[in-house]
Amino acid sequence: MFPPERILMGPGPSDVHPAVLRAQSQPLLGHLDPDFTPVLEQIASGLRTVFRTGNPVTFAVSATGMAGMEAALVNLVEPGDDVVVGVNGVFGGRMAEVARRAGATVHTVEADWGRIIDPAAFIDAVERHRPRVAGLVHAETSTGVHQPVAEIGTAVADTDTLLVLDTVTSLAGVDVRVDDWGVDVAYSGTQKCLSVPPGLAPITFSERAVQRVRERTTPVQSWYLDLTLLLGYLDGRGGRTYHHTAPISSLYGLATGLDLVLEEGLEARLARHATLGALLHEGLEALGLELLAEPGHRLPQLTTVALPDDVDEAALRARLLTEHGIEVGAGLGTFAGRAWRIGLMGHACSERNVRLLLAALERLLDQAPAPTATT
Ligand code: PLP
């Protein structure tokens, strides 16, 4: 199997540092081997740094970001609970659906695609419905919108509502402050700004969230994601007991990916994303293209950009892939067929990549005929 080389500048997965790939090819340890414990501890500690939390219950769920979303909601929600969810794109919509399937009565607070959820409207909905859980997407990957959370977190922290934050695309790309913002559960994915292959969902639970799970009167609908059962493996104090077979090689990769974040420094990494995101935004606007996320709330690591009306975006995207080896994502939902989603995540967030993409795009938009191969 020899996959072609690509530059991954879509909505994820992003390019992975070679050190992460090397780590994943190390010999296996048994998941109950005492020598594996330090790997789990290293991951928990690294995740606490990137989530900016002291939460003891911080780990990686053994599946992709959607499993993080499910783990957050199925553990906190009991049938009949009220849940408020902000919906301004695909992933807020999924959060609402997951909560519904867990038996919640869901109240959505909506905003147009490309706009933030108005914090005042969200806080108002929490005050009116007094939900058990309120959920928001921090970095809406379908629109490129960067949701402000601090004001909402402060308002919700004084209530019995637990705040769930989707940080799948935000973690290690823009600032995520779980403790300062009063977030009760935040989950993420490895394949975005952490630049680790897909397959794990970092997650963190506040003490009051863990307490809420322990006080449930109904069993968690998912056996696999039931936090109380998972803690038997994660909480080494009583000796680790088998729950499911931990994905050892993926966890080696995550431990190494987190090491790379710490080696660079979280602040430096966030600054790199901010600077290069701004460079990309400027470059796209200089090509006469329109950015679709509202000014002041644009993510550096995920940009939605409208293509000119007379351009077949799918054909252009295919040429970008085959002629330049660069992958970008198609627009979703409202933006489907007229926009691209450009990622600048983790290892792929480099000045070289910004300039390569802008040059390739300029060439393709000029409708330069594809050169015929001469060799
Ligand atoms: N939430 C957000 C904001 C995402 O961008 C994604 C994936 O792109 C997910 C959740 C789901 O993650 P996964 O595809 O890893 O299951």
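Predicted model: local features only at pLDDT ≥ 70, side-chain atom pairs only at ≥ 80, totals over all residues.
Is the crossing of α2 and α10 left-handed or right-handed?

Entry 1: I found that the crossing of α2 and α10 is left-handed. Helix α2 covers residues 37-51 and helix α10 covers residues 248-264. I recorded an angle of about 40° for their packing, and their axes lie 9 Å apart. The two helices are therefore oblique to each other, since an angle counts as roughly parallel when under 35 degrees and as roughly perpendicular from 65 to 115.

**Entry 2: the residues in contact.** I next looked up which residues of α2 and α10 meet. On the side of α2 I listed V39, Q42, I43, G46, L47, T49 and V50. Their partners in α10 are L251, Y252, L254, A255, L258, D259, V261 and L262.

**Entry 3: the chain as a whole.** I turned to the overall make-up and noted 13 helices and 15 strands in the chain. The C-alpha atoms fill a box of roughly 65 × 55 × 35 Å along the principal axes. I compared the radius of gyration, 21 Å, with the value near 21 Å for a compact globule of 375 residues, and the chain agrees with it.

Entry 4: Among contacts with a separation of 6 or more, 71% join residues 24 or more positions apart.

Terms used. Residues numbered from 1 in each chain as written. Helix = DSSP H or I, 4+ residues; strand = E, 2+ residues; numbered from the N terminus. Rg over C-alpha atoms; globule rule 2.2 N^0.38 Å. Contact = placed C-beta atoms within 7 Å. Axes fitted to C-alpha atoms, helices over the stretch in contact; angles between N-to-C directions. Parallel < 35°, antiparallel > 145°, perpendicular 65-115°, else oblique. Left-handed = near helix turned anticlockwise from the far one by under 90°.
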